[in-house]
Amino acid sequence: MRLFFALPLPPALATALAAHAASLAGEYGGRPVPAVNLHLTLLFLGDLAATDLPALLAAASQAAQAWPRLDLQFGPLAVWPHQRLLWAGLQPAVPKLAEFSAMLRSTVERAGFSVPEAGRPFVPHLTLVRKLTRLPEFLPPLQLPAWGATRFELLQSTRTASGAIYRPLGAWPAP
Ligand code: 2AM
């Protein structure tokens, strides 16, 4: 099972953001992420056995006690040219989110799981367009309302020819 922890978006915001993604893909090519798939990854776990799930859910419940319930606001749009990926960043809450991601990682590691790329710095981002065909030179910031991240989820990713399908396996609301 290919698994990761992520923050879901409120549906109305996901719809608005998906419209931006579609319009950016119209301009720069590539595959816009549909509303139902928009998320902010907290921790990517990679492939785990289904039998590992109970221990992972228990570790997440433990970490969830420190979930800070953040108010998030989109920041600038950016591109990772090598991955041909266009993403939206977040402002003020980044340090708190990075702190929670690190805590979730260490809780999961203490439960015996190894986390791929554990040494890589956490860059909170929402991927909007994959496989860009042209790289933008300038991207205006998104004008979208702030949102309260009131829960995080464990998602299973299944890759298909028409894109990923994400299935929630657990959800932890703010305490
Ligand atoms: P991305 O949007 O930048 O591709 C499911 O794949 C989620 O986990 C995506 O949000 C993806 O980020 C993120 N992720 C982080 N590290 C990953 C990795 N090594 N392989 C695949 N996805 C990864």
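How far does a polar side-chain atom of His39 lie from an oxygen atom of the ligand? The distance is 2.6 Å.

This is a predicted model, in which local features need pLDDT of at least 70, side-chain atom pairs count only at pLDDT 80 or more, and totals for chains, interfaces and linings use all residues. Residues are numbered from 1 along each chain as its sequence is written, and side-chain values use heavy atoms, with hydrogens and water left out.

**The ligand and its surroundings**

The ligand sits in the largest pocket. A pocket is an open set of points on a 1 Å grid over the protein atoms alone, where a 1.4 Å probe fits, with protein on both sides within 12 Å along at least five of seven lines. A molecule sits in a pocket if more than half of its atoms lie within 2 Å of the grid points of that pocket.

Around the ligand are Arg2, Phe4, His39, Thr41, Phe44, Glu117, His125, Thr127 and Arg130. A residue belongs to such surroundings if one of its heavy atoms lies within 4 Å of the molecule. By type, this shell divides into 2 nonpolar, 4 polar and 3 charged residues. Here Ala, Val, Leu, Ile, Met, Phe, Trp, Tyr, Cys and Pro count as nonpolar, Asp, Glu, Lys and Arg as charged, and the others, Gly among them, as polar.

Strand E1 (2-8), strand E3 (39-47) and strand E6 each supply at least two residues of the shell. E3 gives the most, with 3 residues. Strands (E, at least two residues) and helices (H or I, at least four) are DSSP runs, numbered from the N terminus.

| Side chain | Distance to a ligand oxygen atom |
|---|---|
| His39 | 2.6 Å |
| Thr41 | 2.6 Å |
| Arg130 | 2.9 Å |

Taken alone, the ligand exposes 470 Å², and the protein buries 76% of that. Accessible areas come from the Shrake-Rupley method with a 1.4 Å probe, and for residues only the protein chains shown count as cover.

**Two residues with positive phi**

Arg84 is not a glycine, yet its phi is positive, at about 55°. Arg84 lies in the loop between strand E4 (70-80) and strand E5 (85-91). Arg84 counts as partly exposed because its relative accessibility is 31%; buried means under 20% relative accessible area, exposed over 50%, and partly exposed in between, with a 1.4 Å probe and protein chains only.

Lys131, also a residue other than glycine, has a positive phi near 55°. Lys131 is in the loop between strand E6 (126-130) and strand E7 (147-149). With 55% relative accessibility, Lys131 counts as exposed.

**Residues elsewhere in the chain**

Val108 belongs to helix H3 (residues 94-110). Its relative accessible area is 0%, so Val108 is buried. Val108 and Leu57 are 51 residues apart in sequence, and their C-alpha atoms are 9.4 Å apart in space.

Ala59 is part of helix H2 (residues 53-64). Ala59 counts as buried, at 4% relative accessibility. Between the C-alpha atoms of Ala59 and Ala98 the separation is 18 Å, and these residues are 39 apart along the chain.

Glu153 is found in strand E8 (residues 151-160). Its relative accessible area of 10% makes Glu153 buried. The side chains of Glu153 and Arg151 are joined by a polar contact of 2.7 Å. A polar contact is a pair of N or O atoms within 3.5 Å; within protein, one must be able to donate a hydrogen and the other to accept it, and residues adjacent in sequence count only if both atoms are side-chain atoms.

Ala118 is in the loop between H3 and E6. At a relative accessible area of 26%, Ala118 is partly exposed. Ala118 and Leu45 are 73 residues apart in sequence and 9.5 Å apart in space, C-alpha to C-alpha.

Terms used
1 Å grid on protein atoms, 1.4 Å probe; cavity = no way out; pocket = protein on both sides within 12 Å on 5 of 7 lines; lining within 4 Å.
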